[in-house]
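The following note sets out points for a colleague who is examining the side-chain contacts in this model. Please read the numbered points with the structure open.

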Amino acid sequence: MECRVLSIQSHVVRGYVGNKSATFPLQVLGFEVDSINSVQFSNHTGYGHWKGQVLTAEELNVLYEGIKLNNVNHYDYILTGYSRDISFLETVVDIIKELKKANSSLVYVCDPVMGDQGAMYVPENLLPVYKNKVVPLADILTPNQFEAELLTGRKINTEEDAIEVMDLLHKMGPETVVLTSTDLPSKQGDQFLVALGSQKIKKPDGTNTDQKICMDIPKVDAVFVGTGDLFAAMMLAWTHQHPKDLKTACEKTVSVMHHVIKRTITYANEMAGPGKRPTPAQLELRMVQSKADIENPALVVEAKILQKSSQ
């Protein structure tokens, strides 16, 4: 059976962000990907200049209508990322609801891109839309610490706080929650970043299983763009292959990220030359060159199981 994904994200002509970050890796892993580009920019906004167009809610509707008229609006997965407009986001919500009605086993993977490091980079009026309309529809949610705190109104200072926040997010809707990065100290030292995941699965007999995991991810000293979009796409792919095994899905996802980032920073440093900081263009993800790692990542991280229970 072929597996088809509708991905509604940004698009750049040059480089890797949004749909450009998600599509190739998903295709390599055997998924059919239908892309709707929420924006079309010349390049990501971390460069000195960028130009392009923004898709309106009406234009999104027109594209979706076209798919519907041909009766090809059948999807196994929906993937969404950055959006900065309320009416656009609400139209996305309507599309997800309609597609979930048509296919009750459709899985919605949501990266609730709102901000990082204590600052929002989308308008604040998007938060209630995410809280009340988007997250309740999501099956898999991949916020960073700041986004998880925004959505729950709770601060994360300890591992216990993180577990509590993930449980609060489960109560809002998603079965799987991954905090892609946190400020929690790693037991392996300050060269590592802590990520956590939680999965609640309803078994056929009505009981629930619950698995919580923690990962120490090696840090790389550079600013990459498009990594969050790649993370969400890989969570989609590896949870598809390991639907009841969050530990393995997260290990493979993080390992793909690690290989792509290592290859990118090595290349960028070579291009920049000794003692020079690489430019945004040199730091574009080495995605095509990482095809073999995407298909079959050598594991570089082992997730610790924090708790596993059946109730």
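1. A salt bridge is taken here as a side-chain nitrogen of Lys or Arg within 4 Å of a carboxyl oxygen of Asp or Glu. Asp167, Lys200, Asp210 and Lys212 are joined in a network of such bridges. Under this rule the count for the structure is 17 salt bridges.

2. On the basis of the note: this is a predicted model, in which local features need pLDDT of at least 70 and side-chain atom pairs count only at pLDDT 80 or more, while totals for chains, interfaces and linings use all residues. Residues are numbered from 1 along each chain as its sequence is written, and side-chain values use heavy atoms, with hydrogens and water left out.

3. One of the salt bridges joins Glu90 to Lys133, with the closest N and O atoms 2.8 Å apart. The pair links distant parts of the chain, since Glu90 belongs to helix H3 (residues 86–102) and Lys133 to helix H4 (residues 127–134), 43 residues apart. Helices (H or I, at least four residues) and strands (E, at least two) are DSSP runs, numbered from the N terminus. Accessibility is classed as buried under 20% relative accessible area, exposed over 50% and partly exposed in between (1.4 Å probe, protein chains only). Glu90, at 28%, is partly exposed, and Lys133, at 37%, is also partly exposed.

4. Helix H8 covers residues 246–272, and its 27 residues reach 38 Å from the first C-alpha to the last, close to the 39 Å expected at 1.5 Å a residue. That expected span is 1.5 Å times one less than the number of residues. Of the 27 residues in H8, 19 are buried, and the helix is thus mostly covered. Gly273 follows H8 and has a positive phi, near 90 degrees.

5. Because Arg263 lies in helix H8 and Asp293 in helix H9 (residues 291–295), the pair ties together parts that are 30 residues apart in sequence. Arg263 is partly exposed at 29%, whereas Asp293 is buried at 16%.

6. The ring centres of Phe31 and Tyr77 are 6.2 Å apart and their planes stand at 80 degrees, so the arrangement is edge-to-face. Phe31 is in the loop between helix H1 (19–28) and strand S2 (32–41), and Tyr77 is in strand S4 (residues 77–80), so the contact ties together parts 46 residues apart in sequence. For the pairing, rings of Phe, Tyr and Trp (its six-membered ring) must have centres within 6.5 Å; planes under 30 degrees apart count as stacked, over 60 as edge-to-face and the rest as tilted.

7. The search of the whole structure finds 0 disulfides. Cys214 is buried at 4%, as is Cys250 at 1%.

Methods. A disulfide is a pair of cysteine sulfur atoms within 2.5 Å.
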